[in-house]
Amino acid sequence: MSNITVCARFRPLSSKEKRDHGANICIQSVDSESFIIKDEKDEGFTFSFDKVFYEKSKQADVYEFLVLPIVRDSLNAINGTIIAYGQTGAGKTYSMEGLNILESDEEKKGILPRVVDGLFACIRSSDESTKYSIKLSMVEIYMEKVRDLFDLSKDNIQIKESKTQGILLSGATEISLLDPSEALQSLSSGIANRAVGETQMNMASSRSHCLYMFTVHQESTIEKRVKFGKLVLVDLAGSEKVEKTGAEGRILEEAKTINKSLSALGNVINALTRGSLAKANHIPYRDSKLTRILQDSLGGSSRTALLCCCSPSPSNVSESLSSLRFGARAKHIKTSPFVKGDEEKSSKKSEAPSATRDHASYEKI
Ligand code: ADP
Ligand code: MG
């Protein structure tokens, strides 16, 4: 049984997409777990995930289904990772941060401010025999270099492994979070630093991975034991393909590096979901900085959530299909070509291929 939850999220059409294609969308909902997507040739494919969040879904729905169980587990010293995947503009940052990390509109708040609220709420309701403390680090991975977003002078953080603490980012700033509003201010300063770094290096944030790492320490006054759980949120670099012709120099190098690390992530998740292999020490964590950092919060007893963010527009269908296939492969979810005339059949719950989930094979479509 895998500990990975895979969901798809479609954002609303952008104004540019509406201008170019009117109100047309390339997806057709089947139910809350399945949909049909039609490619450029009008060929349809059915995908099933643990949950599908359509355009009208709320930030709270995503948080409650995908994230809250992992937040609760982190307070029980179980590590967890929440990953947003998708092409640039698909809604990864909107899902993670909201429009603004300091958003006051409750409905629009993204996953991060909700995680902060969730962690502190769980701590407040815990019994007094356990003392909690939360620490936050924020790093960015660009061209396989790890940079501290709380101290931009630390631009080549090394990854180390300790027997007691697992994977460590050597020398990375850790901020102790005392209350939710302070936590949001810290997140906000890391996000602002990311923008400063972007300008310094003349690169776009969509070309780097951003990792928000919470460590929850708990000390039991009765058992006299200290435990900790790590909760890592990852806003990945855009997964879009860069045209091989045309791209050169740094753009091409960036694209290759991103592609390599996203493939490494896919391979790790894929290997983990094949239960037996996971025990066999064959997980290729060392193939990228991203997977190496996530080594102890991805796999083993830890929990993983993958949110595949997509545009619903026909103009982006090829990138959306690629993101959805990544998600499907990650969980060995079988996808099936959609046969015209099957609308009625596939709208019946019993026909939705949720039973194919966790199958060890991925049917190429
Ligand atoms: P990414 O981080 O994947 O590059 P963004 O999160 O920045 O993409 O989203 C691109 C644009 O779409 C932003 O203007 C964002 O506000 C908007 N957007 C994304 N997802 C949603 C959503 N679920 N609801 C409303 N607007 C969204
Ligand atoms: Mg973004």
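The model is predicted. The protein has 365 residues, of which 53% count as buried, and its secondary structure consists of 10 helices and 15 strands.

**Overall make-up**

- The accessible surface of the protein is about 16900 Å², and carbon and sulfur atoms account for 49% of that surface.
- Taking contacts between residues at least 6 apart in sequence, 71% join residues at least 24 apart.

**Ligand 1**

- The residues surrounding ligand 1 are Arg9, Arg11, Pro12, Gln87, Thr88, Gly89, Ala90, Gly91, Lys92, Thr93, Tyr94 and Leu99.
- By class, this shell is made up of 4 nonpolar, 5 polar and 3 charged residues.
- Helix 3 (residues 92-97) supplies the largest share of the shell, with 3 residues.
- From the side chain of threonine 93, an N or O atom is 2.8 Å from an oxygen atom of ligand 1.
- On its own, ligand 1 has 550 Å² of accessible area, and the protein covers 68% of it.

**Helix 4**

- Helix 4 runs over residues 111-124, and its 14 residues should span 20 Å at 1.5 Å a residue; the end C-alpha atoms are 20 Å apart, in agreement with that value.
- Because 10 of its 14 residues are buried, helix 4 is largely enclosed by the rest of the structure.
- The buried residues of helix 4 are Ile111, Leu112, Pro113, Arg114, Val115, Val116, Gly118, Leu119, Phe120 and Ile123.

**Helix 9**

- Helix 9 covers residues 317-330, and at 1.5 Å a residue its 14 residues should span 20 Å; its end C-alpha atoms are 20 Å apart, which agrees.
- With 11 of its 14 residues buried, helix 9 is largely enclosed by the rest of the structure.
- Buried in helix 9 are Val317, Glu319, Ser320, Leu321, Ser322, Ser323, Leu324, Phe326, Gly327, Ala328 and Ala330.
- The partners against which the buried residues of helix 9 pack are strand 1 (4-10), strand 3 (34-38), strand 4 (44-48), strand 6 (80-85), helix 6 (249-273) and strand 14 (303-310).

**Threonine 215**

- Threonine 215 sits in strand 12, which covers residues 209-220.
- Its relative accessibility is 11%, so threonine 215 counts as buried, the cut-off for buried being under 20%.
- Beyond neighbours within four places in sequence, threonine 215 is in contact with Ser133, Ile134, Lys135, Glu174, Phe228, Gly229 and Lys230.

**Isoleucine 222**

- Isoleucine 222 belongs to the loop between strand 12 and strand 13 (225-235).
- Isoleucine 222 counts as exposed because its relative accessibility is 67%, where exposed means over 50%.
- Along the chain, isoleucine 222 and phenylalanine 47 are 175 residues apart, and their C-alpha atoms are separated by 49 Å.

Notes. Residues numbered from 1 in each chain as written. Chains lettered and ligands numbered in written order. Predicted model: local features only at pLDDT ≥ 70, side-chain atom pairs only at ≥ 80, totals over all residues. Heavy atoms only, no water. Helix = DSSP H or I, 4+ residues; strand = E, 2+ residues; numbered from the N terminus. Buried < 20%, exposed > 50% of the residue type's maximum accessible area, 1.4 Å probe, protein only. Contact = heavy atoms within 4.5 Å. Near = heavy atom within 4 Å. Polar contact = N/O pair within 3.5 Å; in protein donor to acceptor, adjacent residues only side chain to side chain. Areas by Shrake-Rupley, 256 points an atom, 1.4 Å probe, with all protein chains shown as cover. Nonpolar A, V, L, I, M, F, W, Y, C, P; charged D, E, K, R; others polar. Expected span 1.5 Å × (residues − 1).
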